[in-house]
Structure formats: C-alpha cells, structure tokens
Protein chains: 2
Amino acid sequence: MSGEGAAENRTWQHCVIVGAGLLGASIAGAGKARGLFARVTGVGRSRANLETARARGFVDDITSDLAAACNGADLVILATPVRTAVAQLASVAAATDASCAITDVGSVKGAIVAEACRLGLHERFVGAHPVAGKAETGAGAADVDLLRGAWVVLTPDDTTPPRLRQRMRGLWQELGARVLEMPAAQHDEVLASSSHLPQMVAYVLAAAAGASPLRKQVTQLAASGFRDTTRLAASDPDMWADIARLNREALLCAMDRFGVLWAKLRKAVDDGDEETLRSLIDDARDMRNEVVP
Amino acid sequence: MSGEGAAENRTWQHCVIVGAGLLGASIAGAGKARGLFARVTGVGRSRANLETARARGFVDDITSDLAAACNGADLVILATPVRTAVAQLASVAAATDASCAITDVGSVKGAIVAEACRLGLHERFVGAHPVAGKAETGAGAADVDLLRGAWVVLTPDDTTPPRLRQRMRGLWQELGARVLEMPAAQHDEVLASSSHLPQMVAYVLAAAAGASPLRKQVTQLAASGFRDTTRLAASDPDMWADIARLNREALLCAMDRFGVLWAKLRKAVDDGDEETLRSLIDDARDMRNEVVP
C-alpha cells in the first residue's frame with residue numbers, strides 16, 4: 001500500500017487496466033468519473049478497442065506493453081479473460097513494487113488466488129469478481145453505470161492485511177457495487193451453480209434441439225421460451241472453455257446435481273409419475289421465486 | 001360447413017370461445033376487432049375473468065354452460081388447457097350440429113386429433129396451435145395483436161375436407177398469424193424439442209441450483225444468465241404436467257437426445273477434452289444463430 005493513511009485514501013494516482021473490454025473499460029470510466037483514479041492507463045492487444053476507450057474518456061493513455069504500463073502504478077486491475085489474467089499475474093508482480101495493489105475481475109477465483117499465493121502476493125493482491133455484464137462486448141459497449149448495484153465478490157483470506165482488504169472494499173463500493181466477501185473456493189462453488197451450470201445447460205439444450213431430425217421446423221417454431229433458455233449459448237466459446245477448465249471440480253459437482261434430477265424427471269415422465277413430476281416442478285418454482293421474487 | 005359459399009366467407013355468425021384466458025380472449029378480441037366474428041360467447045369457470053373479457057369488449061355473452069353456449073354456433077374454439085380441451089371435445093360435438101366447425105389451441109396435437117377421429121369429427125375439426133403467448137395470463141392480459149406475425153400450426157389430415165382446411169387457414173391468417181400445416185405427430189415431435197424440452201431443462205436447472213449446499217449465496221449471486229435460463233420454471237405446473245403426459249413419447253425422445261449430449265459434455269469437462277467441448281459449443285452456437293440470426 002502507498003504509505004501511511006492509504007487505508008483512508010479513496011483515490012489512486014495511477015491505475016492500470018489490463019484489458020479494456022466491456023468490464024475493464026466500464027471500471028476505468030466509472031473510476032475516472034467518480035474521481036477515484038487520477039490517471040488510467042489502458043493495456044490491450046486491440047489498438048482499435050483501446051482507441052475507443054480513450055476517445056470515450058475512459059482511459060488517459062493506451063499501450064500494448066504491460067510491463068511499461070505498470071511502472072509506477074499504485075493499482076493494477078486485470079480485466080482480461082480468466083486464463084490470461086492468471087498468466088499475466090507474474091508479469092504484473094515483477095513490473096510493480098510492493099506499494100502497488102493488484103486485483104482482477106475473473107469469474108473463477110481459485111486459480112488466480114493460488115497463483116497470487118505462489119507468487120507471494122498476499123500483501124497486495126485481493127481477487128474480485130464483479131457479477132455484472134451484458135450481451136455486448138468491448139469498450140464501445142462500456143458503461144460507467146455497469147457496476148451500479150451489482151454484487152462484487154472479494155476473496156481475501158487470513159493472510160490479507162486488513163488495511164488492503166478495507167481499501168479494496170472501498171474501491172468497489174465507490175464504483176457503485178455491493179461487496180460480498182467469501183473464500184475463493186466457496187465463490188467458485190456458488191458460481192458453478194448460479195452461472196457455469198446454466199451456461200452448460202444452454203449449450204446442451206441448443207445442441208440437442210439442433211440434433212432433432214426436424215431441425216428446420218424446430219428452428220422455425222422456436223419461440224421466446226427457447227430463445228431465453230438458450231440465450232447463453234451465444235456466449236464467447238474461448239471464455240467458457242477456460243472457465244470449464246479452471247472451475248472443473250465445482251462445475252462437475254453442479255453438473256452431477258443436475259444429472260441426478262434430470263434422470264429423476266425423465267423417469268417420472270416415462271412412468272407417468274405425476275407426484276414426482278410435480279414435486280420437482282415445485283422445487284424448481286421455489287428456487288425461481290427466491291431468485292426473482 | 002354452413003352451406004354454399006362458406007369456403008369463401010370470412011365471417012362467422014356465432015363463435016364460442018371455450019376458456020377466455022390469455023389466448024382465448026386475445027383470439028376473441030382480434031376476431032371481433034377484425035370483423036370476423038359477428039357474435040362471440042365466452043365460456044369459462046371464472047366469472048371474474050369472463051367479466052373482464054366482456055368489459056374489454058372481447059366477448060358479447062358469457063356463461064359457464066358449455067352445451068348451452070354451443071347451441072347454434074358455427075365455430076367453437078377450445079382454448080382451455082390441453083387435457084381439458086380433449087375432455088370437452090365430445091360435449092362440444094354433441095351440442096353442435098354438422099355445420100359447426102371446431103378447432104383448438106393446444107400445444108400438443110396428437111391427443112385431441114385422435115379424440116376428434118374417435119368422435120367422427122373429421123368433417124368439421126382441424127387442430128390448431130398458435131405459437132404465441134406471454135408471461136401474464138387471463139383476459140386482463142389479452143391483446144388483440146398477440147397473434148400478429150405468430151406461427152399457427154394446423155394439423156389437418158387426408159380426411160379433412162379441402163373447404164374446411166381452407167377456411168381454417170383463412171381464419172388464422174385473418175387474425176394476423178402465419179399458417180404452417182403438418183401432421184399432428186410431426187407437430188408434437190417439433191414442439192417436444194422447441195418448447196417442451198426447454199421447459200423440462202428450466203425446471204431441472206432451477207431445482208439443481210436450489211439443491212446446492214450454498215443455495216443462499218447461489219440465489220444472491222444469480223444474474224441475468226440464470227434468470228433467463230430458468231424463466232420457464234415459473235410456468236403453470238398443471239399445464240406442464242399435462243403436456244408431459246400427453247406428449248410423453250416425443251418428449252422422452254427429445255430428453256434422450258439432451259441426455260446423450262449432456263453425458264458427452266460432462267465427460268469432456270471431466271477429461272479436460274477441449275476439442276469435444278468446443279465441438280459441442282460450436283453445434284450449440286450454430287443452432288442458436290439459426291434461431292436468432
């Protein structure tokens with residue numbers, strides 16, 4: 001942390017956003033708009049996207065050189081895809097000094113927290129997952145209000161200095177988000193059910209409908225129910241292949257809970273067992289009503 | 001049919017709508033608004049709902065007496081839940097004469113077409129399924145534009161008189177819909193994949209997420225992806241228990257296609273087999289892009 005009083009200091013002198021996509025550019029823009037970041041450098045591979053972020057006033061400087069960008073930074077936010085972020089953490093650690101705080105935005109937390117531990121970064125890294133997004137991608141779709149009211153999960157552990165933990169909570173709260181803290185393993189287990197399982201279900205549902213011998217008619221008659229239930233199937237395959245790999249164990253556990261209930265429902269339909277069918281429907285409706293009261 | 005020239009006649013003197021819910025009241029209202037129905041009688045169990053339909057000008061008369069309502073009708077539209085409609089068909093046939101055409105709106109067609117055949121109604125019954133709806137129910141949510149641009153599947157067969165078939169096509173087209181004709185069994189196979197399978201998937205997904213030991217956190221962090229993928233789980237359980245029973249064989253077939261791909265995906269995640277995972281994701285995206293170009 002940057003010296004005495006840092007825990008009370010809400011502003012950062014030089015924030016580096018690695019990956020100026022939807023989330024990265026939105027965070028950068030919100031931080032600048034709210035006076036949290038005095039200067040923001042956007043790092044990325046796509047020059048055009050970085051230019052967009054700069055033209056919209058969300059970042060001040062742009063570069064593709066991660067190490068050079070990190071020089072003198074007091075905050076680095078890894079907003080690249082989760083597997084990339086894990087790979088970039090060592091470079092960021094090497095290019096910054098002990099006064100620079102580091103966080104990320106990945107939707108799997110175990111892998112990057114383990115990497116931070118391996119690199120001895122517990123004094124300056126806290127994992128974060130803003131549960132926010134929209135269908136569009138890139139800096140052009142960024143929105144300084146994207147985080148407003150969204151949950152951000154932070155995954156500090158017993159080795160995280162209280163002052164850093166407090167400052168990171170403050171950062172996300174100042175960006176408009178609501179903060180939850182939990183261990184990385186618990187985060188990954190929760191997200192396996194709330195996000196990664198629905199994703200796998202949407203893929204298999206779309207593929208299974210497409211495997212019908214009457215695919216043309218199925219496509220023609222697919223209505224809003226089909227469209228909503230398969231919306232996630234349009235998501236970025238690279239990101240989801242990474243998530244399936246990085247959160248393998250928790251995802252398999254959630255998939256197996258699904259598999260057990262799927263077999264139960266199939267048997268109830270086959271047997272005409274209306275009692276079991278209705279009991280499963282009731283459980284589903286209870287959960288749905290809890291999520292969307 | 002009502003005498004000479006009926007095939008060319010777009011209007012009906014006395015239409016009976018059995019079930020004045022969202023679909024029934026919308027059809028009644030659209031038919032009156034477009035001058036297709038000179039007079040409409042709404043039949044139902046809920047007096048309050050029928051009063052709403054009448055107050056909105058969608059029906060002229062209301063009653064709970066199906067047989068009395070059908071007396072003298074030249075068109076009866078069964079817009080009750082699919083199992084109820086099958087059960088009511090014999091009463092409608094008995095209460096009307098050979099000049100009265102009969103149709104329905106059920107999302108499973110095999111059962112009611114078989115019942116019409118058993119009752120010897122091939123000269124005056126054509127099954128219909130308007131693929132239209134919205135989350136709200138009842139006459140209060142009815143909308144005279146609900147059918148505009150929607151697909152309506154008709155299930156005539158070789159025994160259907162060409163004149164009746166033509167007049168039924170005309171009815172739905174005049175109501176603003178696009179008409180597709182196919183055999184009842186094919187309709188049920190298509191809908192099993194496009195509609196009934198997504199419904200079962202949404203139920204099992206919501207129930208499986210609810211079965212997580214971290215249910216409270218799953219509920220808290222469930223975002224738009226979870227909400228969209230489980231939206232169907234809020235649907236009416238009675239209707240879906242009926243559909244699962246009436247379309248059992250086609251649904252099981254679609255569920256088994258899902259089950260095979262689910263097992264394949266689970267194994268790919270378990271094995272870290274990225275090639276299989278990506279191939280399944282590609283198939284899913286292809287289908288999704290066909291449905292929502």
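Two strands pair if DSSP finds at least two bridges between them; helices (H or I, at least four residues) and strands (E, at least two) are DSSP runs, numbered from the N terminus. This is a predicted model, in which local features need pLDDT of at least 70, side-chain atom pairs count only at pLDDT 80 or more, and totals for chains, interfaces and linings use all residues. Residues are numbered from 1 along each chain as its sequence is written, with chains lettered from A and ligands numbered from 1 in the order in which they are written.

Begin with the sheet of chain B. Select its six strands, which form an open, parallel sheet in the order E3-E2-E1-E4-E5-E6. At the edges lie E3 (61-63) and E6 (125-126) of chain B, each pairing on one side only. Strand E5 (residues 101-104) of chain B joins E6(B) in the parallel sense over two bridges; Thr103(B) has Val126(B) in E6(B) as its bridge partner.

Next, select helix H1 (residues 22-33) of chain B. Of its 12 residues, 10 are buried (20 or more other C-beta atoms within 10 Å of the residue's own, C-beta atoms being placed from the backbone). Among them are Leu22(B), Ile27(B) and Gly31(B). The buried residues of H1(B) pack against strands E1 (15-18), E2 (40-43), E4 (75-78) and E7 (128-131) and helix H2 (47-55) of chain B. Just after H1(B), Gly35(B) takes a positive phi of about 70°.

Finally, display both chains. Their contact takes 77 residues from chain B and 77 residues from chain A, contact meaning C-beta atoms, placed from the backbone, within 7 Å. H7(B) gives the most to the side of chain B that touches chain A, with 21 residues.

Notes: Two residues are in contact if their C-beta atoms, placed from the backbone, lie within 7 Å.
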